[in-house]
Amino acid sequence: MAKKKRKGVFARDIDKLNMWFAIIAVASLVSVLWMIWDDYARPWKSYQRQFQVVQSEVTQQQLAQEQAGVDQQELSALRQQRDDAEQALADQAESIRELRDEIEAKQTRVDRADQETRFARSIFDTRRWEFEEARKHHGEDGASSEQAALDQASADLEQYRGELEIETLARDAAQASLDELTDAQSSAVSAIAVMTREIDRLQDRLDALRFDWVYYLRNAPFMDGFNPSERIQQVVLDDIRLDLNFTDAPRVDRCESCHLGVGSADYESYDQPFTSHPRLDLFVGDSSAHPAGDFGCTVCHGGKGHATSFYTAVHTPDNESEEERWEHDLGWGHIELWEWPMRTSNDVEASCVKCHMDDPWLPESPKLEYGLELVESLSCYGCHQIDRFDDARKRGPNLSGVASKTTPEWTYNWVMDPKSFRPETPMPRFLNLANTSDEYWTGRNEVEAEAIVSYLFASASEVELDPAPTGDVASGEALVASVGCLGCHNVGDYVPSEEYDPNTARFSGYRQHGPNLDGIGSKVSADWLYTWVRDPKHYWDETVMPDLRLTQSEAGDIAAYLMSLTHDAFESATIPAVDAAERDEIALEYLQQQMPSQMAADRLAEMDDDATRMYLGERLISRYGCAGCHAIPGFENAGRIGTSLSEWGSKSVNRLDFGLLDLPHDRRAFFEQKMRAPRSYDDGRVRNPQEILRMPNFDLTEEEIDAIAVAVLGFTDEEMLPAAKPEETPRRLAILEGQAIADQYNCRGCHVLQDQGGAIHPVVAAAKVADGSVTNEAAGMVFGPPSLTSQGARVQPEWLYRFFTEPTTVRPWLDVRMPTFDFDDHELNALTAYFAAVDDVPYPFESVYTAAHEYPSDLVREGGELAADQRGSLQCFSCHFRGNQQPRVPPTQWAPDLALAAERLRPDWIDGWIKDPQALQPGTNMPQFYTTIEPGMGFWGPLNRDPQAEIDALVAYIMSLGN
């Protein structure tokens, strides 16, 4: 049958067009439906549905716990009481109905009387105004009619008031009758509500978490545009900005759309993404220092905050197995074009630097704190610009007078391999590394070391030294163990470098502030050592080594002991003969960098061997950046030779040269390899001697590399607005400056400050056990330097200022000495302000009573009798020194000299100390005499056994001593 033709003339086949329109319409419908479904089926919605199940589980557990904690017998009795009362009310239903009707009727009359009273009040106010105006303009006689109207309004008001009072009393009487009938039931219902309040709350919450028809309706396609329960959780952080290349925008974080349990401790046992955030007291929690509403998530964790899928959020796996699992289960992959990928859990502490760059101590970020300590101990800032250490001094010893200190032979062997003498030294190896260890470089390394040593000794100035007396080695060893040297130094059995465990932790304690003194007798001369321990600043005026105020005899004994500590291999150290032709060849290389080849050759021909050594040594010291750590004559203005690290954590990965190494292309992998084997990036490359990498090898452990990486990855270009940083209050600034000074001089090597330090205590205790003074180390701890906890609240700033300048004896039983640090005025004021700021006490110190004559004499007398060594008194001086009067108890129980109290202690601190010494210094030997301050609970009859009166008298007496 022939196909029917449409009438008319058409440019296109209409049937075909209709078919294509139908196909396109169906395809459009499918694509729109797919788009709607794809938008509806976002991964974060699935997480929110899963979390609702988790919430139900947690709520059910909490509900079960609450139900288990309720006294069911009591609850049953209350319910029975309620039921009985309700039954009684049912029996009196007719009476109750009549009372309620009566109350309702009486309430109507009360409302009517109240309304009439209000109207009367309005009329009274109007008549009063009219009377006042008439009297003002016409006098008393002219206002008689207004006076009469006012009197009538007043009488009407009083009448209506009376009626209101009568009706109110009648209603209240009826209500009281009803309350009397319903009281038992109301009391039972209230008691039940109190007992089951939390259960009811949890039950309501559980009901709200059900997947009922309302839930599905609210979150259905199209309907979810109104008020869904599944919604993006977003925080906009105006004070924390994001640099998007050409614009600066507020940071937007949507992380909690999936990580729904981070702000509650209820989900600690669950896995990601629902687990609670660690340390809610410090992070995320509303009452924490870093609430999520103010700081978000990406400011610490990194990643793309406005993303809502696992892939686009730029998560970073912690290890290869996690990466493989993510790729398989979650479709994860690298996003190279986002410059701020999420930090691994190992690296998240790096983010603290951006806000806490100036904080010397970061106890809440232990790995970062350790990494920053390593960066400082290794003097990384000597070669690399690091903003945090802009004002830091050179860490290495001053080499300006090296010729007066040691020998060229020792120095040569030290330069060749520092760790062969001192395995734990921070001095790195520059020679005989991966790119300088072939046959050619073997001889060249010797030439370079000889040239460097030649320059150092030729340019050194002579330092006048005192001749060392003949000392007693045993006495010197005892002094080193007791006076405080071991707060900064280790002195132990020497371990040869070939036997040294390379995984030994270094720079991890306060006693590594100074070098290990093993083998020092093979390094320095006796005269230098004697002069040094007596007056360190004589040799180096910028040293942080303090003055222990040693006598000549003590310094001689210490020098004798330290000179007995030798390393046999270095006793016979020599400098091998080097090839002069090779020296000339190397010198020519450096000359050719400065001038044309022929001129370089002519200049070399003019030099003799000594001049060549000096020139080459100078060039090598410059090349290797030795002046970054050491003061060297001729290099006073030398700059840094390494790349800046101040913003290295933001450096684009595509700007890092991975060489020919097979490494993951990320910052951490690059940095770790650089620290592990700095010259390995030359592997497989063809370079001339002037092109090879020159960073030295510090022989770091994997733990040290990890910590340093965390620190350097935190050095970014991200600018934090002041509103996002800790507020720079005077108190905070005083604490930071004091902490920096305490770090510089290693105060925590001897003392406990802010719950950290006291490293010398175990050493002192062990020495006391060894000499028989005590039977165990716990008892020997009393011979260590005092804890400085609550020092600001304890002492007067004026006394502390003087003590830092000229230390006096406060605890006569201690062998450890408080050194003299030669603080300048700024440091002295900063330290005294620091202690006051830590304890948040007034600074400068002001008090009504600071001296004996300011206290009533009878109060001083009564305090003296209470403190006296007699029966019925507190016998304070059985433990405390009083000037030259020594206590009667054993030395392990001795306490500070109270004769210094008037000039040393704050009276209010003495008051608090007597009341509760353990609260101020846990573990102290000081007994707690007063368990309560209630009247009549004291010790002494003359003061009516009033604890506070007795304490006031003791404070007055103690402040009188020494005056």
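This is a predicted model: local features need pLDDT of at least 70, side-chain atom pairs count only at pLDDT 80 or more; totals for chains, interfaces and linings use all residues.
Local features need pLDDT of at least 70, side-chain atom pairs count only at pLDDT 80 or more, and totals for chains, interfaces and linings use all residues. Residues are numbered from 1 along each chain as its sequence is written, and side-chain values use heavy atoms, with hydrogens and water left out.

**Exercise 1.** Describe how strands S1 and S2 are joined.

Solution. Strands are DSSP runs of E with at least two residues, and helices are runs of H or I with at least four, numbered from the N terminus. S1 covers residues 235–243 and S2 covers residues 248–253. Two strands pair if DSSP finds at least two bridges between them; here there are six, in the antiparallel sense. One of the bridges links Leu 237 to Arg 251 in S2. Four residues stand between the strands of this hairpin, where Asn 245 has a positive phi near 65 degrees.

**Exercise 2.** Is Ser 257 buried or exposed, and which residues does Ser 257 touch?

Solution. Start with the place: Ser 257 is in the loop between S2 and strand S3 (283–284). Buried means under 20% relative accessible area, exposed over 50%, and partly exposed in between (1.4 Å probe, protein chains only). At 1%, Ser 257 is buried. Contact means heavy atoms within 4.5 Å. Leaving out residues up to four places away in sequence, Ser 257 touches Trp 44, Gln 48, Ile 232 and Gln 233.

**Exercise 3.** Name buried residues of helix H30 and a helix that covers them.

Solution. In H30 (residues 857–867), the buried residues include Val 860, Glu 862 and Leu 866. Helix H34 (947–960) is among the elements covering the buried residues of H30.
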